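Dear colleague,

I am handing over the structure below for your records. My notes on what was found in it follow directly after it.

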Amino acid sequence: MTSRARLFRFARLLCALALLCAAAPFGRAAAQDAGAPDISAPLAQLTTNKYDDTEAALGALALSGSPAAAGIVTALAEGKLVFGGTPPRLFIQGEAGALLDPLTLQPVAEAPAVKPVRVNNRVRRAIDAANGALSLVSPDAGKRREAALAVGRSRDEAALPALEAALAKESDPKVKSAMNLARASILIGKEGITPAERIAAVELVGAEGNQDALAILRSVPDSAAPEVKQAAADAIAGIERNLALWGMAQNVWYGLSLGSVLLLAAIGLAITFGVMGVINMAHGEMVMLGAYTTFVVQEVIRTSYPGLFDVSLLIAIPLAFVFTGLIGVLIERTVIRFLYGRALETLLATWGISLILQQAIRTIFGPTNREVGAPSWMSGSFEIGQLAITSGRLWIIVFSLLVFFALLATLRLTRIGLEMRAVTQNRRMAASMGIRTNWVDAMTFGLGSGIAGMAGVALSQIDNVSPNLGQSYIIDSFLVVVFGGVGNLWGTLVGAMTLGVANKLLEPYAGAVLGKIALLVIVILFIQKRPRGLFALKGRSIEA
Amino acid sequence: MTDTATLEPLAEAAPAAKKELTEALLYLDAVTVTFDGFRALNALSFTVDPGEMRAVIGPNGAGKTTMMDVITGKTRPDRGDVFFNGGTTDLTKLDETQIATLGIGRKFQKPTVFESHTVLDNLRLALKGQRRALPNIFRRESAAERERIDEIFETIRLTEHRDRLGGALSHGQKQWLEIGMLLAQDPKLLLVDEPVAGMTDAETAQTAELLRAINANGHSVVVVEHDMTFVRDLGVRVMCLHEGSVLAEGTLDQVSANERVIEVYLGR
Amino acid sequence: MNTKGLAMTRPPALLGTSGIVFLIVLAVVAVLVPVLNLAVTPDSAVHVPTYVVSLLGKYLTYALLALSVDLIWGYVGILSLGQGAFFALGGYAMGMYLMRQIGTRGVYGDPVLPDFMVFLNWKELPWFWYGFDMFPFAALMVLLAPGLLALVFGWFAFRSRVTGVYLSIITQAMTFALLLAFFRNDMGFGGNNGLTDFKDILGFNIQADGTRLVLFVLSAVALGLGYVLCRFLVRSHFGKVLVAIRDAETRVRFTGYRAENYKLVAFVVSAMLAGIAGALYVPQVGIINPSEFSPANSIEIIVWVAVGGRGTLVGAALGAVLVNYAKTYFTSGILAPYWLFMLGGLFVAVTLFLPKGIVGTYYDWREKRRPHDDIPGAPIAAPGPAE
């Protein structure tokens, strides 16, 4: 809040300065000239070396719009603004004590004896204020806009003249609207303006539609005319509806983000469990191995090829796919193939494998979290309306959909996909048609595991990379697959997104943990209602 | 346990249909079942009288198993009526257990016995009697029950196998055990799905004899079977299903002389 | 698969040979351990120190827990991955009684509120803590809390015919939900730390050697009674229906039995047995916390049963003791980092090489040698009929 306090101070001083400026002959009119504004008067004032004069000069400089003003104010703050000679002239002390002309910044030919312009606390505050006002007329549009927003938030009437001065010259529409908003924010609470003006201000602020606008509108004085109050109330109601919608949209976004994580975690399982019917409790560990693959890739890059860091994830994705895919094939060949048709036994054996994998990673990498960095293109965030979107999350959603459709295409369009579907539908028929069912089993399981590994690369960006990483996903993943309908990839997609969004929409009402519990209970009830999930295949006598 | 839904008198039904309904043990009318667009049963209608034995034939996919599923409550029909006991009971509103308790027993296509129970225990479990969970914790076998089981053993000729495990029986023996279990349930109507599949000729003949004996004891029987020799051995009224509805009905000779039946079986 | 010729007809015996051997061994242990603890001087080689008594007592409660799993997994084919939840609920009911017994001896000395509530600035005892100062009420809750949860959960699950792995997954979700709930401080069960620092039980100091011996003997008695109860249930007509459900549920329905009711009764009984096990476990280890709800714990119970032999009852108890002895042995020595490798390997090895477990394999071997002995409890027929 220190910045806010500083702005407040700045605004009050602006007020005093503005009054002085108005009295001075070189005031606003000079500032509005095209070309370089004349700032000789404030410069002269600075050479008197009196605090009052310095303060007044700062105010004038702040509103002058001169490109040299900022440099002069900075020099004063740093104690490098000096004066000397007769009549006294002002210089900026440059490198190695050379005296520079404050306007041109060129060294002066003859250097008189100089001493710095004195600064006390009052002047220092004036410097801060001048810096703020200079920002309003800064050549950088971004800075101008920021300054305007700051003034709008501070809502000090004293800043109004400076603001209006800046507004009159402003040409950038974005900055202009920010300044208009700031002006309206101030006007709403200002004494002695007409109701029509106030209503105009209310509407302007109301159109902004965010939390700040809400706070401003709530401050319409009780003394205001009834029609003003009505306008404010309407605007408030409008904003609140709007904000509620945005809040909902934000939660849906969070939900989609969570859903994409669930999708990534569950999609491999949709293959091994949904298509093959193998209960792979070590699925979460495949995700974990993928995350550790990312860690290893980044370590190698850090030590040997630091320039490649930004593409570390792109390198890790295929490596994780191949590595966890091979582990999956190994597990299938050594354990699971002996257990086909015995789902509960498979569940136990793969749970055992998950313990072994966890402990192996714990032995190699230690039990603590490992640091996996985010490449620059995954950090940062942007806003759409009132919606805050982080790039990392957006990429994960994109990635999860890419993986999903790639998998769908693999199953639909490729030879191996065709063979996989053939084997799962009728193993003996497939075998008699020359499909090597053993090989297809191993490949299918490898594919599911490899996808889990790729998921691990993405999840390493948002979760702690520790040996327990997989455990936190396994129950959710199973629920997603069962909820969506076993054997149906689209069901997994819809299931993941539904559960993700439902979870985030429940959270504001129930809190994170209770929301999660409520969701578990809902899914449990749902499975009991529709034991075969959202997209169930209907058919004759499935058993017996 | 038997909270059977009682039927309101069918006021709108024509007198003839009403008579048919009230006299039939089993009454199916315009029953339609659809799976994902495929019509397994298409307005299937027929009746089974008390004490009647009926054979059902038909090519694969004709809807024979689905018909049994509908009667035993495993599948709910999309449309149509299924009534039992002279129209007093609407079977579409009941589940498998309630229907079994009403007196409809079913033998599956694939022999299904309790494999890790002895043959004797299989019959004990099937024997008509207490079905509720808690009383069965303290249940003891009565002398009458023991006698009844001995009788069934005689009928299905498995007396010397009574202490073997169900799973250890041969295929044919399992079929008989399953029929014996149906008998132990003492149902009014037995639905028997392909009882002689995989049996030797001698076994097939014995099975026909067994079913005739069961029918002679007053049980109504509906047999689904592909084996024409067996159907001939049974010597009963035959119904041919095709694409979910009745194609022809009558004696075996009449049905096999029917042109449409020949067309269906031999292709066009 | 295990269909080894003809067996002689015998009236169904309540206890088979293995059952009698089991009960005798249990009785001997229940007598011998206290004697070796009390009557033998500590420097003697055969002296059993008190901590070992409590350790053995813990094993016995685990054995009872395994028995409860075997009743539903071995005989009904319900693989519950949430059995730990029932165990923990029984444990919490006992823990709440023990918390109320602390009285003013807590750190904050509040006569009514347990320490953690004072710490959370609670002013009143939550309603669900009422009555737990009375032992009979707490004892009733040990049965009712898991029993009711099983009743409600099972009623929904069995009625809608959720079976096989689907059931396993939702039981796991159930215990996971409870784990999350009990971790919360405002649930009123001590949050993360659970319930601990117990002082006495029924007026006896819970740390005293005598109390520990009594708890040990009680655990042995509970295990013995639990075994006889399970054995009685599975030998009854009711139990035969259970096995029939495991092997061919559809057939059972078409035979006129309401399979869901049978499953529900077995599930509730099993949950109550697990609750009793939990209630005996808590005073012997001195703590109950939410980690007992963790899905991993529940799965570990399954491996005890699998090692000992599913569907044999005796095997379940044996497996629980063996695996937990191994766990104690390995996790306390230099091999500690390798315990999870061993446990994981055990899961894999048992399912691949010893699918019937120790006792089941022994039964097979005995059947082969002496085909005319009594029929084993309920052999598992073809693999995976329950799915």
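**A buried helix in chain B**

In helix α4(B), the residues B:V119, B:D121, B:N122, B:L123, B:R124, B:L125 and B:A126 are buried. Please note that this is a predicted model. Since 7 of the 8 residues of α4(B) are buried, the helix is largely enclosed by the rest of the structure. The cover over these buried residues includes α5 (143-156) and α6 (171-185) of chain B, together with α8 (237-254) of chain C.

**Where chain B meets chain C**

The contact between these two chains takes 26 residues from chain B and 29 residues from chain C. On the side of chain B that touches chain C, α3 (96-102) and α4 (119-126) of chain B each supply at least two residues. The largest share of that side, 4 residues, comes from α3(B). By class, the residues on the side of chain B that touches chain C divide into 9 nonpolar, 9 polar and 8 charged.

**Where chain A meets chain C**

Here 38 residues of chain A are in contact with 42 residues of chain C. Three helices of chain A, namely α15 (343-365), α20 (471-484) and α22 (512-529), each supply at least two residues of the side of chain A that touches chain C. Of the elements on that side, α15(A) gives the most, with 14 residues. The residues on the side of chain A that touches chain C comprise 27 nonpolar, 6 polar and 5 charged.

**A helix pair in chain A**

Helix α12 (residues 226-275) and helix α19 (residues 437-459) of chain A have axes that come within 8 Å and cross at roughly 170 degrees. The two helices, α12(A) and α19(A), are therefore roughly antiparallel to each other. Residues of α12(A) that take part in the contact include A:V261, A:L264, A:I267 and A:V275. Among the residues they meet in α19(A) are A:F445, A:L447, A:I451 and A:L459. The contact of α12(A) with α19(A) has 14 nonpolar, 5 polar and no charged residues.

**Sheet and hairpin in chain B**

Chain B contains an open sheet of 4 strands in the order β2-β1-β4-β5, with antiparallel pairing. At its edges stand β2 (38-48) and β5 (89-90) of chain B, each with a single partner strand, so one side of each is left without a neighbour in the sheet. Helix α2 (residues 64-71) of chain B packs on the sheet, where it touches β1 (26-35), β2 and β4 of chain B. The direction of α2(B) makes about 65 degrees with that of β2(B). Strand β4 (residues 79-84) of chain B is joined to β5(B) by 2 bridges, and the two run antiparallel. In this pairing, B:F84 has B:T89 in β5(B) as its bridge partner.

The strands β9(B) and β10(B) form a hairpin with 2 residues between them. In the turn, B:E243 has a positive phi of about 50 degrees.

**Chains B and C as a whole**

Chain B has 10 helices and 10 strands. A compact globule of 268 residues would have a radius of gyration near 18 Å, and the 19 Å of chain B agrees with this. Its C-alpha atoms fill a box of roughly 50 × 45 × 35 Å along the principal axes. Of the 268 residues of chain B, 48% count as buried. Residues 24 or more positions apart account for 67% of the contacts in chain B with a separation of 6 or more.

Chain C has 13 helices and 4 strands. Its radius of gyration is 21 Å, close to the 21 Å that the globule rule gives for 387 residues, so chain C is as compact as a globular protein of that length. The C-alpha atoms of chain C fill a box of roughly 70 × 55 × 40 Å, taken along the principal axes. In chain C, 52% of the 387 residues count as buried. Among contacts in chain C between residues at least 6 apart in sequence, 80% join residues at least 24 apart.

Yours sincerely

Definitions and conventions: Residues are numbered from 1 along each chain as its sequence is written. Chains are lettered from A and ligands numbered from 1 in the order in which they are written. This is a predicted model: local features need pLDDT of at least 70, side-chain atom pairs count only at pLDDT 80 or more; totals for chains, interfaces and linings use all residues. Two strands pair if DSSP finds at least two bridges between them. Two residues are in contact if their C-beta atoms, placed from the backbone, lie within 7 Å. Axes are lines fitted to C-alpha atoms, for helices over the stretch in contact, and angles run from 0 to 180 degrees between N-to-C directions. Ala, Val, Leu, Ile, Met, Phe, Trp, Tyr, Cys and Pro count as nonpolar, Asp, Glu, Lys and Arg as charged, and the others, Gly among them, as polar. Angles under 35 degrees count as roughly parallel, over 145 as roughly antiparallel, 65 to 115 as roughly perpendicular and the rest as oblique. The radius of gyration is taken over C-alpha atoms; the globule rule is 2.2 Å times the number of residues to the power 0.38. A residue is buried if 20 or more other C-beta atoms lie within 10 Å of its own, exposed if 12 or fewer, and partly exposed in between; C-beta atoms are placed from the backbone.
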